[in-house]
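Please look over these notes on charged pairs and a nonpolar patch. They are meant to be read beside the model.

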Amino acid sequence: MAVRIGELLLKEKRITPQQLQEALTHQRQHGGKLGFNLIKLGYVRDEEITALLSKQYGVPSIALGQFAVDPSVLKLVPAETAQKYQIVPLARAGATLTIAMTDPTNVFAMDDIKFMTGYNVEPVVASESAVIAAIEQYYGARLSGPPAPASALEVASRALDEMPLAPTGDSDVQLLEEYEEISVETLARQGEEAPVIKLVNVILMSAIQKGASDIHIEPYEKDLRIRFRVDGVLYAVMQPPMKFRDAIISRVKIMSKLDIAEKRLPQDGRIKIRFQDQGQAKDIDFRVSVLPTLFGEKIVMRLLDRDKLMLDMTKLGFEPESLERYEAAIARPWGMVLVTGPTGSGKTNTLYSSISKLNTAETNIMTAEDPVEFNLSGVNQVQVRENIGLNFAAALRSFLRQDPNIILVGEVRDFETAEIAVKAALTGHLVLSTLHTNDAPSTVNRLMNMGIEPFLVASSLNLVCAQRLVRRVCAHCQEPHPIPAQALVQAGFSQEDAKTVVPVAGRGCDKCNQTGYRGRVGLYEVMEITDELRELILIGASAQELRRKAVEEGMLTLRSSGLRKVKDGVTSIDEVLRETVK
C-alpha cells in the first residue's frame with residue numbers, strides 16, 4: 001500500500017522522487033504509514049491523499065472533522081477494533097453500515113466488521129490524521145487503559161446485541177408464533193446467512209476450547225439461552241437476541257442433515273467437524289438431539305472427542321481392590337458384567353475401556369449401541385435403529401449367529417433384551433451391558449422386576465459396577481480446607497480418620513475458569529457375585545441384605561470410594577456429598 005501511494009503521488013506530480021525518498025527514510029526511522037510521513041514532512045496535504053485514494057479505488061471520501069457521528073452507531077464497533085483497523089463507523093441505513101477507513105483495500109477489516117455487526121460494510125476514505133483524531137474523540141475514554149481480552153463468545157454476544165439478520169427478501173425474519181408455518185426455503189436461507197454460520201461455528205469451537213461435554217441451546221418465551229456443561233455442571237455462556245432463534249436452530253439442523261421443516265417431532269443427528277489444533281487437523285463429533293418445546297426447539301449437542309476417551313482403566317478412578325475384582329470379572333470366558341449409573345456418569349467410557357483391554361486378534365467382539373459414540377478399531381459395532389425394527393433384542397439375536405466371544409449391549413431396557421443377554425451369558429459368551437439403577441445391589445432386584453428368574457440372575461451375573469462422576473479439585477489452585485471433625489464423621493469418616501483427614505478445595509484460577517475444579521474422576525462400587533451372594537439372590541433377598549453381605553465381603557460403596565478420594569486430595573467433600581448417599 002505504501003509504495004502504491006508513493007507511485008500514485010509521483011504519477012500525479014504531487015511530489016518529487018527526492019521527496020518520496022526522504023519520506024521513505026523518515027518512515028523507516030519513525031514508523032507509521034508513508035502517507036502520514038509525507039503529510040508530517042509537509043510535502044502533501046491530508047485532502048490530497050484522501051482525494052487520490054478516492055479517485056484510485058472509486059470510493060467516496062469524507063472530511064471527518066465536519067461529520068457528526070451518531071453515538072448508537074459507535075456502539076456497533078468496539079473501541080479496540082476501531083483502533084486496530086483505524087476505522088470509524090459513520091452511519092447505518094437498513095442492512096448497510098458505512099465506515100470511514102484510511103485503507104479502503106483492507107478486506108480483512110471489512111470482513112471482521114461485517115461478522116461482528118451483521119451489516120454489509122460500505123467504506124469511505126478519510127485521512128489518517130482525521131481518523132486518529134475521530135477515534136480519540138469518540139472512543140478516547142474507552143481506550144485509556146489496555147483492553148481486556150475478550151473471548152470469542154463475548155465478542156459474538158456483544159456484536160449480536162445490535163446485529164440484525166441480513167434481509168431475506170422484502171423484510172427481516174419475523175418471530176413465529178407457536179407452530180406457525182414457515183417455508184423451507186426461508187428456513188434454509190436463514191441457516192445459511194454468513195453471520196449465523198460464523199456464530200454457530202464460534203459456539204462449537206468455544207465449547208471445544210472450554211472442555212464442555214454438552215451444548216444446550218434453549219428457547220424461552222422472551223429469551224434464547226446457550227449453556228455449556230463443563231465437568232458435569234451447566235454454565236450460561238451467552239444470550240443471543242430472540243430474532244436469531246430460528247436461524248441458529250436451522251443452521252444446526254442443516255449441519256446435522258436433519259429435516260429443517262419438521263418442527264413438531266424430536267430428531268437426532270450428528271455433526272462431524274475438522275479444525276486445526278496446534279497446527280494439526282483434529283476431528284470431533286457432535287451428537288445432536290432436537291426436541292420441540294413450548295417456545296421453540298431445544299437443541300442439545302454432546303461432544304464426542306476421541307482424544308478424551310480414557311481407555312486406560314487404571315486412570316478412571318478405580319480403587320486398587322475394586323479394579324482387581326473388575327478386571328478378573330471381564331477376564332472370565334462367560335457370564336454377565338453390568339455397569340450401572342445415571343445418564344452422564346461415565347458408563348460408556350468404562351465399557352469401552354473394558355473392550356479395549358479385551359480387544360485382541362483372537363477375540364470376536366460385537367456391540368449393539370444407541371448411538372455408537374466412538375469407533376473402535378477391531379470391534380464390530382452395530383447402530384440400533386428402532387424405527388426399522390433393529391432394536392437391542394434383534395441385534396442380540398443376530399450376534400449369537402455371528403460366532404462372538406464378547407458381546408456389548410448398549411443398555412438392557414426391557415425383558416426381551418435382558419432374557420437374550422442372560423441366555424448368551426449362560427451359553428459361553430461374555431456379555432457387557434449397562435442398566436439405570438442407583439447402586440450395585442439394587443441391580444439384581446431390577447433384573448428380577450423385569451421378569452428374569454432369580455436362578456438365571458444368580459447363575460449368569462459375574463459382577464455389577466455402579467459408578468458416578470465427581471469433579472477433581474484443580475491441581476493449580478488447591479489448598480487445605482479444614483472441616484470440623486464432627487462433620488467428617490457425619491459424612492462417613494471413622495473417628496480416627498476424622499482427626500487426621502484435611503480435605504482440599506480449589507481457590508479458583510485461570511486454569512479452572514475460577515471454579516476450583518478441573519476435570520472429573522469416577523467413584524466406583526464394585527459388587528462381585530460370590531457364592532454367598534448367589535444364595536441370597538436365589539432366596540429373593542432384598543437390596544439392603546445384598547448390600548450388607550457385599551460390604552462384609554469387602555465391597556467399597558460409592559460413598560466409601562468418594563471419601564477415599566477426599567482423603568487423597570483428589571476431590572472435595574461437597575462433590576462426594578452431592579453424588580452419593582451414606
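Helices here are DSSP runs of H or I with at least four residues, numbered from the N terminus. The model is a predicted one.

1. Start with the patch. Phe-455, Leu-538 and Ile-539 make a nonpolar surface patch of about 340 Å². Where does Ile-539 sit? Ile-539 is in the loop between helix H21 (531-538) and helix H22 (543-552). Its relative accessibility is 66%. The cut-off for exposed is over 50%, so Ile-539 counts as exposed.

2. Now the charges. How many salt bridges does a search of the whole structure find? The search gives 30.

3. Arg-245 and Asp-246 form a salt bridge through their side chains, at 3.4 Å from N to O.

4. A network of salt bridges links Arg-245, Asp-246, Lys-253, Lys-263 and Glu-297. Please view these five residues together.

5. Next, Arg-270 and Asp-285. Their side chains meet in a salt bridge, with 3.2 Å from N to O. Arg-270 belongs to strand S7 (residues 267-277), and Asp-285 belongs to strand S8 (residues 280-293), so the bridge ties together parts 15 residues apart in sequence. The partners carry separate labels. Arg-270 is partly exposed, at 31% relative accessibility. Asp-285 is buried, with a relative accessible area of 14%.

6. Strand S8 also holds Arg-287. Which residue does Arg-287 pair with in a salt bridge? The partner is Glu-373, and the N to O distance is 2.6 Å. Glu-373 lies in the loop between strand S11 (365-369) and strand S12 (380-383), so far as sequence goes 86 residues from Arg-287, and the pair links distant parts of the chain.7. Burial for that last pair. Glu-373 is buried, at 15% relative accessible area. Arg-287 is partly exposed, at 23%.

7. To check by eye: the salt bridge of Arg-270 with Asp-285, the salt bridge of Glu-373 with Arg-287, and the patch made by Phe-455, Leu-538 and Ile-539.

Technical notes: Residues are numbered from 1 along each chain as its sequence is written. This is a predicted model: local features need pLDDT of at least 70, side-chain atom pairs count only at pLDDT 80 or more; totals for chains, interfaces and linings use all residues. Side-chain values use heavy atoms; hydrogens and water are left out. A salt bridge is a side-chain nitrogen of Lys or Arg within 4 Å of a carboxyl oxygen of Asp or Glu. Helices (H or I, at least four residues) and strands (E, at least two) are DSSP runs, numbered from the N terminus. Buried means under 20% relative accessible area, exposed over 50%, partly exposed in between (1.4 Å probe, protein chains only). Patches are made of residues with over 30% relative accessible area and no salt bridge: like charges are joined within 9 Å, nonpolar side chains (Val, Leu, Ile, Met, Phe, Trp, Tyr) within 5 Å. Accessible areas come from the Shrake-Rupley method with a 1.4 Å probe; for residues, only the protein chains shown count as cover.
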